[in-house]
Amino acid sequence: MRKEDRNFQGILVFGETRSNKIHSVTYELTGKARNLADVKGCEVSVLLLAESLRDDPSDLFRFGADKVLVVQDPSLSIFNQGIAVNVLKAIIEAENPEILLAPATTIGRTVLPSVAAMLQTGLTADCTGLEIDPDSGLLLQTRPAIGGNVMATIKTPVHRPQMATVRPKTFRIPAPRNRTGTLIYPTLPKETFSSPIQSIHLQRAEGDGGNIQDRDCVVSGGKGLRRPEGFRLIKELAELIDAGVGASRPTVEAKWISYPHQVGLSGKVVAPKIYLAAGISGAVQHLAGMQTAQKIIAINKDPEAPIFRIADVALCGDLYDILPRLIERIRVERCERNG
Amino acid sequence: MTMNLAVLIKQVPDSDEVKMDPEKGTMIREGVSSIINPLDLNALEAAVGISKAFGGRVTVLTMGPSQAEEALREAIALGADRAILLSDRAFAGADSWATSLVLAETLRKTGPYDIVLAGEKATDGETGQVGPEVAALMGYNLATYVSFLDAGPRGVSVKCTVEEGTLYQWIPLPCLLTVLNDLNEPSLPTLAGKKKARRAEILKLGLAELGLTRENVGLLGSPTRVVRIETPKITRQTEFFSARDLERGIDRVIDILKEAAVI
């Protein structure tokens, strides 16, 4: 669709629910949408799909939503891309949003490109920055590009809606405010909830040390470990300070460690209190996945490693020398404290 | 029945070889060799496996410059039966929508296909959008993040890796699946395959052959525009320690851990 086709207005957030609960990324995107809407002087709507929502959707008003649309149907108990696309498309065609934001989760990254293609509009994946161009009022979408070593800012000048996905934890959830809005339960035609695709079963994963996105500290290893066994040292330090274990993309591609540990835009975006990177040189796609950490400590033997440029403390040397020394010092500190 | 399969591949720079220019902060691409996007090899491996089980034909297609022919020949060496290169000056500068349009039009003109496979994303652009967009333009059933598949005459049973765990789905044909590297171990090319690849004829299609118009493809047909490219700003004051200073650096780390009440 093109901007002259209809009167496109407002920002729509394609919210995410898991197990009938509103996922935190929905709050992150609602807050960001509010900032953008305040610049444009428009409304923020949030769409939630669920079998039967257990959280209170009107809570989203306090985080910036003016309107919350809740679509509930038994067919939405397990994610079905066919049905989700039908619902989102129907809501877009009714609401005509100028901007559509969605989480860059497996759901968002499946549904959004499908809808973008059907509507013949642009979509920018994994944005790390979103702002409104003061001159044109267009959404400026910033993402790492060309192998993740530069940042590209992209716009969608004439096609609508302007669509972008954003990784969880990219934007912080704003402080709740005392505000209210409209809660709507739209009625959609029955065929919206049918699809040739059958979602049979969702088998929940066993906890693999928990989600690294929820940890206060993350200790990550990269190709500088030189061998898969190097992750034992990373895990030893991580256990000692109760940190999650992270990894760079090349180590996951080499199968030294499993995908849930991957930090970066192609893995998970983390924002811990402390991020310690050992043997990671710092491709932008990795940096974009951890640069909002409060403190960054980097260990690398290459003094020119890009990760040093965003680190608070840069330790230049062999990680197989530095990490054991650091582990020893932490143990000594612990002993002194304990007695 | 036989299966008509297609694999969407992309030639990408070998990311292990890419270095950064420390002064400019840009990528040094000179002398970096090109490879088939790693996840596309998993897609190809799966397609070849399905065609062996059911009988059928595997077509690989890629949009890119003439050098992308190498990637197609490699795909033939790995078991593909037919290769199509989509190359035209008019295709340059395409975003994911304009790329998907060319790929979809090719599938329409050279199909029909039962199953189309692609890597979940390419290591250079990393949008992961082209697969789903092609599926939508073709009206195919789509599954993404596929880490296991079992193809049958009417559809494919898939396991998809999602944040919460594993999603089991049934995807009726025709379908497009984007795959992860857990799916299989890509084979190495055989000697016979390499021989076949050298002799293989690569079908080359451009704007005219596909019956597309210039306004719909490449940069002109792309809904998105790049406004600017910049290297990320440095916002932190880095304390740098090396050699004999390292002990002091470790002291600083201990301080930070204490401040954060980690130890």
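**Helix H1, chain A.** I started with H1 (residues 24-40) of chain A, which has 17 residues and runs 25 Å from first C-alpha to last, close to the 24 Å expected at 1.5 Å a residue. That expected span is 1.5 Å times one less than the number of residues. Helices here are DSSP runs (H or I, at least four residues), strands likewise (E, at least two), numbered from the N terminus.

**Caveats.** This is a predicted model, where local features need pLDDT of at least 70, side-chain atom pairs count only at pLDDT 80 or more, and totals for chains, interfaces and linings use all residues. Residues are numbered from 1 along each chain as its sequence is written, while chains are lettered from A and ligands numbered from 1 in the order written.

**Burial.** I looked up which H1(A) residues are buried (20 or more other C-beta atoms within 10 Å of their own, C-beta placed from the backbone); they include Val25(A), Tyr27(A), Leu29(A), Gly31(A) and Ala37(A). Among the elements covering the buried residues are strands S4 (44-50), S6 (99-103) and S11 (162-166) of chain A. Just after H1(A), I noted a positive phi of about 70° at Gly41(A).

**Domains, chain A.** I found domain 1 (11-193) and domain 2 (212-338), with bounds from an automatic or database domain assignment. Their centres, over C-alpha atoms, are 32 Å apart. For contacts (C-beta atoms, placed from the backbone, within 7 Å), I got 11 residues of domain 1 against nine of domain 2.

**Chain B.** I logged eight helices and 15 strands. Of its 263 residues, 51% count as buried.

Terms used
Two residues are in contact if their C-beta atoms, placed from the backbone, lie within 7 Å. A residue is buried if 20 or more other C-beta atoms lie within 10 Å of its own, exposed if 12 or fewer, and partly exposed in between; C-beta atoms are placed from the backbone.
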